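Biologist: I would like to learn how to read the sheets here. Where do we begin?

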Amino acid sequence: MAVSIKSKIAAGIGVLFALLLTVSIMAIVFINLLSSKTEKLLTANYNTIRYCSEMSDAINEIDSSTTALAKFETNLKAQENNITEPGEGEATKELRYYFEAIKKGNRNPGTYHKINKQIYDIYLLNQKALEQKNANALATAANAKLWLTMLTTILILISFSLVVNFPGYIASPIRLLTEGIKAIAQKNYDQRIYIDNKDEFGEMADAFNLMAKKLYEYEHSNLSKIMFEKKRVETIINQMEDAVIGLDANNKVLFINHKAEELFNLKETEITGKYSPDVALHNDLLRTVLQKNAKRQPLKIIVDKKESYFSVDYRTVYNDGINIGEVFSLRDITSFKELDISKTNLLATISHELKTPISAIKMSTRLINDNRVGGLNTEQKELITNIDEDADRLLRITGELLNMTQIETGNIQLKLQKVNPKDIITNSAHAVQVQAEQKKIKLDIDYPDNLPQVIADEDKTSWVLINLLTNAIKYSPEGTSVIIKVFLKNNHVYFSVQDFGIGIEEKYLSRIFDRYFKVPGGLEKSSTGLGLAISKEFIDAEAGKIEVSSEYGKGSTFSFSLPI
C-alpha cells in the first residue's frame, strides 16, 4: 500500500509529538507523586511528632501548671485524629488510658513513666515513618530521573535520526529530478529517474520518465523534422539580404527578419502577433508597403545617410486554395537604380547629341533634292530617298529615347490646358495622311459634335494618337481602313483607333505596354519597343487611361481616355 509523503511527514512528527507527550505526562506524574509523598511527610507524621513534643512538655508541667492538663488533652485529641502508622493506634489508646488515670488523681511515678513511654513509642513510630517516606521519595525521584532520561534519550535519538535522514529523503529525489531536467534541457532524452518509493516522489519519477519518453519520440518524429525545417527556413529568412515581413490570413504579423527590423526600425518581439495596420499607424514605411500598389515606383529610403532604392514585392500564400497569409519583401536595388540612372543620362546625352547631325543630314538631303542645286539621276534620287527615310527613322528613335529619359527621370514636362478633342484628331490625322495614302488606307473618323474640351497636353496627346495611327497603318493590309472614334463616357472623352490587320495574340496583350517589348514576328524589325510604353506614361500623367483589345487575325483596337 502506497504511503504519501504527507502521511510520512505526519507520522514522523506524530512520533516526536507522542514521545514528547509521554515525557511530559511522566514528568507530571512523578512530580505529582513526589509532591503527594512530600506533603504526607510534612503533615501527618510531622504533626504527630509535634503533638508528642507538646504532650511531653505538658506532662512534665502537670504538677506546677494549671493549664498543663488542658494542653495535654488538646494535643492528645489531635493525635487521636492523626493516627497514620501501624501500632500508633494501640499506643495512643494506652496513652489515653494512663492520662485518664492521671486526671482521676493517680499521679504516682509509675503512671508518669508509662505515659512518657507511650509518647516516646508514638514519636519513634512516626520518626521511622518519616525516614521510610523520605527513602521512598528519593527512590521515586531516582525512578523519575531514570525514566525521563531514557525517554529523553530515545526522543533525542529519534529526532536526530529524522534530522539526518528525512532531509535526504526529501532532497535526494529533488536532486535526481534537477539532474534529469538539466539533461532534458541539453536534449538528452535518454535520461531516466529511478525512485522505488511508493509515494509522490515515485509518481514524480514515473511522470518524468514518461515525459522523457514522449520527448524522445517527438525528437525522432516527423513533427520534429518539420519543426527543424521551420527553424531552418526562419534562419534562411533572417540571413536574407532582402527585408521580409510575413502576415497571416488575419493581417497579424507572423515574422519579420533582421533586415526588415533594421529597415523598418521595428523589433520582432514587439510586433509579432499584432494587427499589422495598427503597427503601420506609427510607421510610415510599413504603411506605404502594406498599400500593395502594383504600379509603385521603387521606394527611396535614406539608409546610413545615403539614398537607397528598394523594390517592393508582395505575394499571397495559398494552401489548398485557402488564403493563409501574405509575404512582403523589399529588395535593395540601389546599385541597379544607379546603373539605370547612368543609362538614362547616357541615352539622353546621346539622343540629344544625335539630333543635331541627323537634322543636318535631313537638311542636306533636301538641298540635294532641290533642282536648283543640280539634277540627279534615278539611282541618286533613290539613294537620297533612302538616306532621308533613315534620317527620319533616326529622328523618331532619338525622339522616343528622349521622351523615355524624361519619363524615367520623372521630368515629364506637361503643359496641361483645355484642349478641343477635334484639334487633336485633325492634327494627328493630317500627320499620317501621306503614310495612309501610300498604302491606300482610308481614315474613317467618327466624331460627334459638341464634345466637351479635355484637360491635356495637346502636343503629347497628339504624339500618342499619331503613334497609334502609325502602328495601325503599318499593320493594316493595303486597301483597308482605320477607324478613329471619339465619344463621351463617365466624364471622360475616349479616343480609339481600330485596324483590321493581323491582330495580337492574347498571351502578349498583358505586356504590350512594357518598355522595349516587341511582339514576336512583328513587321517592324527596327522598332525600339518604346512607342506604346511612352504613350502609356503620357496618358497616365494626364490622369487618363490607355487600353488595348485584339483578336488575332482580325485586328486590334487601341483606346485612351482623358478627363473633361
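Modeller: With terms. Strands (E, at least two residues) and helices (H or I, at least four) are DSSP runs, numbered from the N terminus. Two strands pair if DSSP finds at least two bridges between them. This is a predicted model, where local features need pLDDT of at least 70, side-chain atom pairs count only at pLDDT 80 or more, and totals for chains, interfaces and linings use all residues. Residues are numbered from 1 along each chain as its sequence is written, and side-chain values use heavy atoms, without hydrogens and water.

Biologist: Which residue in strand 2 stands opposite isoleucine 245?

Modeller: Isoleucine 256. Strand 1 (residues 243–248) and strand 2 run antiparallel, joined by three bridges.

Biologist: What is the strand order in that antiparallel open sheet of five strands?

Modeller: The order is 2-1-5-4-3. Strand 2 (253–256) and strand 3 (299–303) are the edges, each pairing on one side only.

Biologist: How is twist read?

Modeller: Axes are lines fitted to C-alpha atoms, for helices over the stretch in contact; angles run from 0 to 180 degrees between N-to-C directions. In this sheet the twist averages 25 degrees from one strand to the next.

Biologist: Which order do the strands take in the open sheet with mixed pairing?

Modeller: Five strands follow the order 7-9-10-12-11. Its edges are strand 7 (442–446) and strand 11 (545–551). Strand 9 (residues 481–489) pairs antiparallel with strand 10 (residues 492–498) over seven bridges. There, isoleucine 483 has glutamine 498 as its bridge partner.

Biologist: Which strands does helix 13 lie across?

Modeller: Contact means heavy atoms within 4.5 Å. Helix 13 (residues 421–431) lies across strands 7, 9 and 10, at about 20 degrees to strand 10.
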